[in-house]
Structures are given as C-alpha cells and as structure tokens.
Amino acid sequence: MKKTPIIIDCDPGVDDSYAIALANSCEFFDIKAITPVEGNVPAELTRKNALALREMLDIDCRVAFGADKPLVIPYFNKITGTHGEAGVGTVKFPPSKLGPDEKPAWDVIYEEAVKANGELLLFAVGPLTNIAIALRKYPDLPKLLKKFVIMGGGTFGNISSTGETAEFNIWVDPTAAKEVFEKLDVYMVGLNATHAAELKKADFDEMIALCGDNEKAYLLRELSKFSMRNAFERGFDNSVIHDALAIASEINPDVLEYEDYYVFVEDDPQKKNAGQTVIDLERKSGKEPNCHVAMKVNQPLFAQMMKDLCKYYGTK
Ligand code: BDR
Ligand code: CA
C-alpha cells in the first residue's frame, strides 16, 4: 500500500500527544518526522516529550528540534496548567534512548518535502515558528507540499493578555503565523471546529475502558484520565482534543467541512487583538479568500475515531 508521508510539527502537549498517537495508528500514514517547537511548555520540555513519544509509540521517524522562542515577541513563559507541569498531564516517560536528528526542524521539513516529491502532508499543531523559519530559508517549500493543515486560529480565542482573546498557537507567535498565512495554502482547523468536536465525560469513560490495562495503551489511558479530571473538576462538562481533530480530518475527510474565506492575522503586538485570525465571514473585505477554514464538524465521527484509537492501543 502506498502511504502518505507526513510530518507533525507540534508542541507536546496533551492534545499533541493524542494527535501523534492517532497519526501513528493510521495505516495510510508514514510519519517521517516530528518537529517540536516552543509552545504549551518551554522548548526544553516539548523536545523531551517529542523524543519520548516517538519511543513510547514505537514510531520509526526523525525527531528534529525546532525553535525555542517566537520570531519577534518573547516567549510567554508561563505554565498554564492546561497540559500539566511537564506538558503531558500525568504521563511519566522513561528516559529516551534515542537522541534528536542532527539537523534542525526547518531543514528536516524541507529535506523530507524534497524526498516526498510533492506528496508530503505537513501538519502544524503548535505555534508556527518552525514553519515560518522553513519558509524564510526555503522559499520553494510551498510548491513541494501536498497539503498544509494547522490547528490554530478560529472565530474566537482561548487566551488573553490584552482584554481581547486569541487562539493560543497563533497568539504565541503571531509574526510567524502572519508569514505562514501569506506564503502557504492553509487548511485551518480552528477553535470553532475543535470546540464543536468536544468530548463528554461518557466519551472519556468509554475511551479509558477501551484502553483496558494494556501497557501499550498507557499513554492514552493516562492522557484521557488527565483530560477528564482537568476539565470536569474545573466545572466544564466537556474536554476538547484540539490537535487530534486536524489529524482525524486527513484520515477521514468526512470529519470536517471547510469553507474558503479571507483571513487576516493580526501580528502587531501593540494591538489589543494581537494573535487573532480575523476571518471575513461576511465577505465584506472585498479580498479574495486566502484560507480554507474548517466550519462544520461531524462530532460523532470524531468521537468514534478517538474511541477506535484507544481500542487500537488497548488491544495491541
Ligand atoms: C492549541 O493550543 C494548545 O494548547 C493545544 O495544544 C492546541 O494546539 C489550542 O488552542
Ligand atoms: Ca498543540
């Protein structure tokens, strides 16, 4: 079977870890590289987690370290608690035996794109710093990619430093996001889509049960218990596994429906809406659409895919 080569640029991250596990469970994907960037937790931890995830999930791929700070603004440098202190909830990784690739993320992304000869599917589910650096260094990268899918942006935000809200991944490095949106054909899986794919407590109960006590399902069992506790103990009746939705939509296109809009990324750190993806939903700007925005979600299908994922590792 001909597999699709993929790269996952990420900041693991609880939902990033689900995303990697999901991609690894897909028989049509060949993971070529995982490229960690600064984000949910500082780069030192996203790097450690990426190395550990590769080993725990037994993925035969490169792990190439990326940026440790955004292009222009300083790294926000606060542990938000959303992903636990080390970035992966309550998961404890054994020390990694294998080290990183000798090349940085941007060189590996380009090298794999060249090798894949137009077939590479690039996911970015963290801040877009690595991708922006790759594009600055390799201006021909866009024409080498088959598709570029991000988790980021959306019609509303989830973090605020100014009184207005923006989506976390874009907010961390808006300069990078702006450059990436200008240079690449972006499929944007934003918060409006990921929140519409929220999972309820009953879904997590089922997922944990499907993991059973299989050692191979340790990661998903622990992530699911953490996600459930983290959200439900704080009074929410759902939890959102953002990054996995971007991957799920490329495994089964029925998960998402995209609509094309003009999207403007506010990258001026002085502006109150810094980091927002301003989407011309009413088509009033007179600008041509420049982005495919995920607008409709098949939540039951996504929930089923997350359960199938737990079953996959629970019966491995
Ligand atoms: C995004 O921000 C991070 O916390 C998650 O990993 C996800 O990529 C959601 O806004
Ligand atoms: Ca992420």
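**Notes on the aromatic pairs and the sheet**

1. Let's start with the rings: Tyr75, Phe76, Phe168 and Trp171 make up one aromatic cluster. Rings of Phe, Tyr and Trp (its six-membered ring) pair if their centres lie within 6.5 Å; planes under 30 degrees apart are stacked, over 60 edge-to-face, the rest tilted. Keep in mind that this is a predicted model, where local features need pLDDT of at least 70, side-chain atom pairs count only at pLDDT 80 or more, and totals for chains, interfaces and linings use all residues. Residues are numbered from 1 along each chain as its sequence is written, chains are lettered from A and ligands numbered from 1 in written order, and side-chain values use heavy atoms, leaving out hydrogens and water.

2. There are nine aromatic pairs in the structure. In one of them, tyrosine 110 and tyrosine 138 are stacked, 3.9 Å centre to centre with 5° between the planes.

3. Strands are DSSP runs (E, at least two residues), as are helices (H or I, at least four), numbered from the N terminus; two strands pair if DSSP finds at least two bridges between them.

4. Strand 5 (residues 145–151) runs parallel to strand 8 (residues 186–189), with four bridges between them. Across that pairing, isoleucine 150 sits opposite methionine 188.
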